[in-house]
Amino acid sequence: MQKKIYVLDASAIIGGFYSKSYANFTTSGAILEIKDLKSGILLQSALENGHIKVDEPDPKDIEEINKIITSSGDILRLSDVDRGIVALAFKFKRNGFKPIVVTDDYSMQNTLKTIRIDYKSVLTPGIKEIINWVKICKGCKKRYPSDYKFEECEICGSPVFRKRIKAVK
């Protein structure tokens with residue numbers, strides 16, 4: 001049986017979540033996102049009391065997550081901190097744990113659902129299905145990869161927009 005642990009992003013900490021029954025982890029990047037005084041005080045207390053521990057993902061797990069989010073189209077929507085949280089959960093899963101990521105970020109949830117890591121929302125209902133994205137030119141309809149960085153089509157110069165291409169239940 002795998003040991004359950006929680007991986008917390010900034011929204012979990014701001015929402016006041018941490019498990020009293022299982023280990024809780026976050027990254028130093030997520031800690032830096034905590035700006036309000038109340039959440040900062042609660043976080044400091046949880047860190048001092050050992051309720052939340054700080055850990056970092058391995059570089060190879062970040063590389064793997066970057067490959068996954070490039071193919072799903074979430075690469076432009078996830079910050080480096082978000083990727084670190086997902087990669088930390090991925091590291092724990094690889095090491096035989098059963099991580100549950102606590103986040104209200106829908107792009108993170110989409111990625112987590114894709115890689116079959118459980119997640120829990122704090123303040124939002126959470127996603128119900130996996131969504132993939134592609135970029136498409138409004139004019140000539142040329143498809144671009146989700147990480148295409150330009151706002152205009154290289155062929156006709158029309159605007160390029162993100163489009164939902166597949167939803168898997």
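These legends go with close-up views of a predicted model. Local features need pLDDT of at least 70 and side-chain atom pairs count only at pLDDT 80 or more, while totals for chains, interfaces and linings use all residues. Residues are numbered from 1 along each chain as its sequence is written, and side-chain values use heavy atoms, with hydrogens and water left out.

**View A. The largest nonpolar core has 22 residues.** A core here is a set of buried Ala, Val, Leu, Ile, Met, Phe, Trp, Tyr and Cys residues joined through side-chain atoms within 4.5 Å; buried means under 20% relative accessible area, exposed over 50% and partly exposed in between, using a 1.4 Å probe and protein chains only. Val7, Ile65, Val101, Ile115 and Ile117 have the most contacts inside this core. At least two core residues come from each of β1 (3-8), α4 (59-72), α5 (80-94) and α6 (106-114), and α5 gives the most, with eight. Helices (H or I, at least four residues) and strands (E, at least two) are DSSP runs, numbered from the N terminus. A second, separate core has twelve residues, including Leu8 and Phe17.

**View B. Here α4 meets α5.** Their axes come within 9 Å and cross at roughly 115 degrees; axes are lines fitted to C-alpha atoms, for helices over the stretch in contact, with angles running from 0 to 180 degrees between N-to-C directions. The two helices are therefore roughly perpendicular: that label covers 65 to 115 degrees, with under 35 roughly parallel, over 145 roughly antiparallel and the rest oblique. Contact means heavy atoms within 4.5 Å. Leaving aside neighbours within four places in sequence, Ile65 touches Arg83, Val86, Ala87, Phe90 and Ile115.

**View C. Next up is the pairing of α5 with α6.** Their axes come within 11 Å and cross at roughly 30 degrees, which makes α5 roughly parallel to α6. On the α5 side sit Asp82, Ile85 and Val86, and on the α6 side Met108, Thr111 and Leu112.

**View D. Arg116 and Lys141 each have a positive phi without being glycine.** What are the phi values of this pair? Phi is near 60 degrees for Arg116 and near 70 degrees for Lys141. Arg116 sits in the loop between α6 and β5 (118-120), and Lys141 in the loop between β6 (130-137) and β7 (143-144). Arg116 is exposed, with a relative accessible area of 70%; Lys141 is exposed too, at 53%.
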